[in-house]
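Open the model in your viewer and keep the selection tool ready. This tour goes stop by stop.

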Amino acid sequence: MLSHETIWDALDALAENNKLTPSGLARKAGLDPTAFNKSKRLGPDGRLRWPSTESIAKVLEATGASVDEFFSRL
């Protein structure tokens, strides 16, 4: 099941497996270094903020991970 928590957990695991912080992972993917910070996972109004499919695609390309590898972390 795709949930907010499992998607972020998969990104965190991908960062860790590549010996990166979430900020380092974002930077490696060409994103703003704060894009994956835990403080950005909720909006100011408390609504859940999800990473975009474009951001996930950039992370997969930057790390060489496949979609299957990413989803196996869910």
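The expected span of a helix is 1.5 Å times one less than its number of residues. Helices (H or I, at least four residues) and strands (E, at least two) are DSSP runs, numbered from the N terminus. This is a predicted model: local features need pLDDT of at least 70, side-chain atom pairs count only at pLDDT 80 or more, and totals for chains, interfaces and linings use all residues. Residues are numbered from 1 along each chain as its sequence is written, and side-chain values use heavy atoms, leaving out hydrogens and water.

**Stop 1: helix H1**

Select residues 4-17, which form H1. How far apart are the end C-alpha atoms of H1? They are 20 Å apart, which agrees with the 20 Å that its 14 residues should span at 1.5 Å a residue.

Now color the buried residues (under 20% relative accessible area, 1.4 Å probe, protein chains only; exposed is over 50%, partly exposed in between). In H1 they are His 4, Ile 7, Trp 8, Ala 10, Leu 11, Asp 12, Leu 14 and Ala 15. An α-helix has 3.6 residues a turn, so residues three or four places apart point the same way. Show H2, H3 and helix H4 (67-72) too: they are included in what covers the buried residues of H1, where contact means heavy atoms within 4.5 Å.

**Stop 2: the aromatic pairs**

The structure holds two aromatic pairs. Rings of Phe, Tyr and Trp (its six-membered ring) pair if their centres lie within 6.5 Å; planes under 30 degrees apart count as stacked, over 60 as edge-to-face and the rest as tilted.

Select Trp 8 and Phe 36. Their pair is edge-to-face, 5.9 Å centre to centre with 70 degrees between the planes. It links distant parts of the chain, 28 residues apart: Trp 8 is in H1, and Phe 36 is in the loop between helix H2 (22-28) and helix H3 (53-63). Both residues, Trp 8 and Phe 36, are buried.

Next, select Phe 70 and Phe 71. Their ring centres are 5.5 Å apart and their planes at 75 degrees, so this pair is edge-to-face. Buried or exposed? Phe 70 is buried, at a relative accessible area of 1%, whereas Phe 71 is partly exposed, at 39%.

**Stop 3: Lys 19**

Go to the loop between H1 and H2, where Lys 19 lies. Its phi is near 55 degrees, a positive value in a residue other than glycine. Most residues other than glycine have a negative phi. Lys 19 counts as exposed, at 77% relative accessibility.
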